[in-house]
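Have a go at each task before you read its solution.

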Amino acid sequence: MATKAIKERDPLDPVRGRKLLVEGGPSFHEVTEQVCVPVEDPPLAWWLAFIPSLALLGVFGLAVTWLLWFGVGIWGLNNPVDWGWAIVNFVFWVGIGHAGTLISAILFLFRQQWRTAVNRSAEAMTIFAVICALQFPTLHTGRPWAIYWSLPIPNQMGMWPNFRSPLLWDVFAVATYFTVSLLFWYVGLIPDLATMRDRATTKIRRLAYGIFALGWRGSTRHWQHYEKAYLLLAGLATPLVLSVHTIVSFDFAVSQLPGWHTTIFPPYFVAGAIFSGFAMVLTLLIPIRKWYGLEHIITIKHLENMAKIILLTGSLVGYAYGMEFFIAWYSGNPYESFAFVNRAFGPYAWAYWIMISCNVISPQLVWFKKVRRSPVALFILSIFVNIGMWFERFVITVTSLHRDFLPSSWDYYQPTIWDLAMLVGSFGLFFTLFCLFLRYLPMIAIAEVKTVMPEADPHHGDDH
Amino acid sequence: MPAIFPRWTNKLIPLLGVGCPLLVASTIFSIWYWFSPYYTDAGYQPKQPVPFSHALHAGDMGLDCRYCHNTVERSPHAAIPPSATCMNCHSQVKTDSPRLALVRASYENGDSIPWVRVHQLPDYAYFDHRPHVAAGVGCASCHGRIDGMTVVEMNKPLSMGWCLDCHREPEPHLRPLDQVTNMHWDDAEFAEAKAAYNYQEDPERTRMPNPPMHCSGCHR
C-alpha cells in the first residue's frame with residue numbers, strides 16, 4: 001500500500017511539499033477507525049468529564065429556578081450597575097462561539113487546510129457557547145416570561161418592538177447566528193453521519209444516524225451539491241460572524257456612557273471574540289486529543305497555528321486597550337479621561353490589571369517557538385486568555401457603570417453567590433452539551449480530513 | 001448492504017413537506033385565535049349574587065344609564081349603584097320578592113352586595129370614563145347592547161389592540177353628545193340621523209376628540 005511508503009519517507013506531503021496534516025501516514029480506513037471508535041466506545045476520561053459537567057448543570061438549574069422564583073434581586077446588581085455578570089457572561093459566551101465560525105467559515109474561504117482537523121469541534125463549541133449565551137439575555141430580564149415581546153409578532157396589543165435598540169438587534173443577531181451555525185455544522189456532519197450509520201452495529205444507532213444522514217450515499221452529485229452548499233454557507237457565515245459581535249458591541253457603544261461610547265468597539269470586540277474563542281478551542285482540544293488518541297490528526301502544527309491567531313488577535317486587543325487610553329486623553333473630555341483612569345487605578349483596578357496581564361502580556365509568549373509548540377504551555381495560556389477575556393467584559397461593563405457622570409450615583413458592585421452559580425452553572429451547560437457531542441458525533445470531520453491527506457491528491461503516487 | 005429504511009419511507013418526505021407548513025400554520029392560527037382576548041375575554045358572563053336584569057331595567061323600563069351609574073360623566077370610574085339606589089324603588093316595588101332579599105339585607109345592615117366585576121382591566125391601564133363620554137362614545141360601543149342582557153356579559157375583548165383601533169380611527173364611534181346613553185342609536189330608526197351626523201360640524205362640541213396614542217395615555 002502507498003501509505004506504507006509515506007510512513008517511511010519524510011513527514012512532508014510528497015505532492016505539495018508541505019508539512020503533513022495527518023501524521024504517521026494512516027490509511028483512509030485507519031482515520032475513520034481512529035475517529036469513530038472513541039465515539040462508539042468512549043474512553044474512561046469521557047465519564048470523568050461528563051459527570052462533573054452534569055453536576056454543574058444542576059447548579060445552573062438551581063440558580064435559574066431560584067432566579068425565576070425570587071427575581072433578579074438575588075444578584076448583586078445595584079442601581080448604577082444594573083448590568084452585571086449576566087451581560088458579562090453573555091458577551092463572554094458569544095465571544096467564545098466566534099472562533100468556531102472563524103475556523104469553519106473564514107479559514108474555509110482562505111483555503112486553510114489545517115482547519116479540517118479542528119472545525120467540527122470548534123463548530124460544536126460555537127453552538128453550545130451560543131446556547132449558553134442565549135440563557136443570559138433571556139434570564140437577566142426581570143420578566144423573562146414576556147421575552148417574546150421582543151419578537152415582531154402581530155399581536156392583540158397592537159405593539160411592536162423598537163427597532164432602534166441594539167438589544168433587539170441582539171435578538172436577531174444571536175438567533176440568526178445560532179440558526180446558521182447549526183445549519184453549517186449539520187451540513188458538514190452529513191457525510192460523517194453516513195459513515196456512522198454504515199458502521200452502526202445496533203438497530204437504534206443505525207436508524208438514528210440513518211435519519212440524520214438524510215440518505216447520504218456519497219455520489220458525485222451529492223458531493224457537488226454539498227460543496228456548493230458548504231461554500232455558500234461559509235460565505236454567509238463570514239459576514240455574520242463579524243456582524244454578530246459587532247451588534248453585541250453596540251449594546252455598549254450605542255449608549256452615551258463614558259467608557260462605552262466608543263467607535264472602536266465593533267472591531268475590537270470581534271478581535272476579542274476570536275481571541276477568546278481560539279483560547280477555548282485550545283482549552284478543549286488539548287486534553288481531548290490526548291484522551292482520544294488523536295494527536296496525529298490534531299497535530300502540534302494545528303496548535304501552533306491557533307496559537308499564532310491568538311497572538312495576532314491578542315495584539316489587536318492590546319492595541320485597542322492602548323487606543324482607548326490614548327483617545328480618552330486626546331478627547332480632552334473629563335468624563336472619558338476619568339473613566340479610564342478609574343479603570344486602571346480605581347476600586348476595580350484589580351480586575352483591570354488581571355485583564356491586562358492575561359490578555360496583553362501572556363499571549364506575547366507565543367512569539368517563542370518553545371511555547372507555541374508545547375501543548376502544556378498552550379493549555380495554561382489558553383486558560384489565562386479565557387480568564388482575561390471574561391475580565392475584559394467585566395471591566396468594560398462594570399467599571400464604566402459604577403462611576404459615571406454624577407458622583408452621587410457612584411457605587412460598588414459586589415456579585416452574590418447566585419451570580420457565581422449562574423456563571424459556573426453555564427459552564428456545566430456547555431460541558432454537558434460538549435460531552436454529549438463527543439459521545440454521539442465524530443469530533444473530527446472525517447470526510448474533510450481525508451481530502452487533505454496525501455492519498456487524496458490525484459497526483460499521489462505519480463513519479464513525475 | 002441492505003436498505004435501512006423500507007420503501008414506504010419515501011412517502012414521508014412529501015408528507016413532511018406538506019405537514020410542516022400545516023403544523024406551523026395551525027400553531028399560528030391556534031395561538032392567534034384561542035389565546036387572544038377576542039376569544040378568552042369576550043363573552044365572560046359570571047353569575048351575580050343578585051339576579052339583576054339590565055334587560056328589564058334599561059331595556060323594558062327604559063331607565064337612563066346614568067340613573068344608576070351616576071358617576072360616569074364626572075369620575076374615571078363608573079360607579080356600581082349602592083343598595084340605597086335599588087331601595088329607591090324596591091322599598092315600594094316587590095318588597096317581599098325573595099330574589100331581592102340580599103338587597104334588603106344589605107340596605108339594613110350596611111354590608112355591600114358582592115357584585116362580580118365583568119369588565120376588568122389590569123391595574124396598569126388607567127381607563128377614564130369621563131373623556132370617552134365627553135367625546136360622544138356611546139355606552140353600547142364598548143359594552144354592547146346592555147339593554148338586552150339579562151345577565152351582563154363582556155361584549156368586547158377590551159384588549160389593547162381593540163382600544164387602539166378606536167383611538168386611531170374614532171370617527172365611526174362618535175355620536176351626538178346627547179345620544180351617548182341611547183342604546184338604540186345603531187338601530188334602523190336612527191339610521192338617518194346617524195348618516196347625517198358629522199361630529200366636526202356638531203355645534204355642541206366645544207373641542208374635537210384627540211385620543212392619545214402614546215404610552216402614557218393609559219399606562220401612566
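A polar contact is a pair of N or O atoms within 3.5 Å; within protein, one must be able to donate a hydrogen and the other to accept it, and residues adjacent in sequence count only if both atoms are side-chain atoms. This is a predicted model, where local features need pLDDT of at least 70 and side-chain atom pairs count only at pLDDT 80 or more, while totals for chains, interfaces and linings use all residues. Residues are numbered from 1 along each chain as its sequence is written, chains are lettered from A in the order in which they are written, and side-chain values use heavy atoms, leaving out hydrogens and water.

**Exercise 1.** Work out what surrounds D202(B).

*Solution.* 
- Step 1: check the burial. D202(B) has a relative accessible area of 10%, so it counts as buried (under 20%, 1.4 Å probe, protein chains only).
- Step 2: look for polar contacts. The D202(B) side chain pairs with that of Y197(B) at 2.6 Å, and also reaches the backbone nitrogen of E204(B) at 2.9 Å.

**Exercise 2.** Describe how chain A meets chain B.

*Solution.* 
- Step 1: count contacts (heavy atoms within 4.5 Å). Ten residues of chain A touch ten of chain B.
- Step 2: look across the interface for polar contacts; one residue pair turns up, both at pLDDT 80 or more.
- Step 3: see which elements of chain A give two or more residues to this side: α6 (166–199) and α7 (203–212). The largest share, four residues, comes from α7(A).

Notes. Buried means under 20% relative accessible area, exposed over 50%, partly exposed in between (1.4 Å probe, protein chains only). Lists of a residue's contacts leave out its neighbours within four places in sequence.
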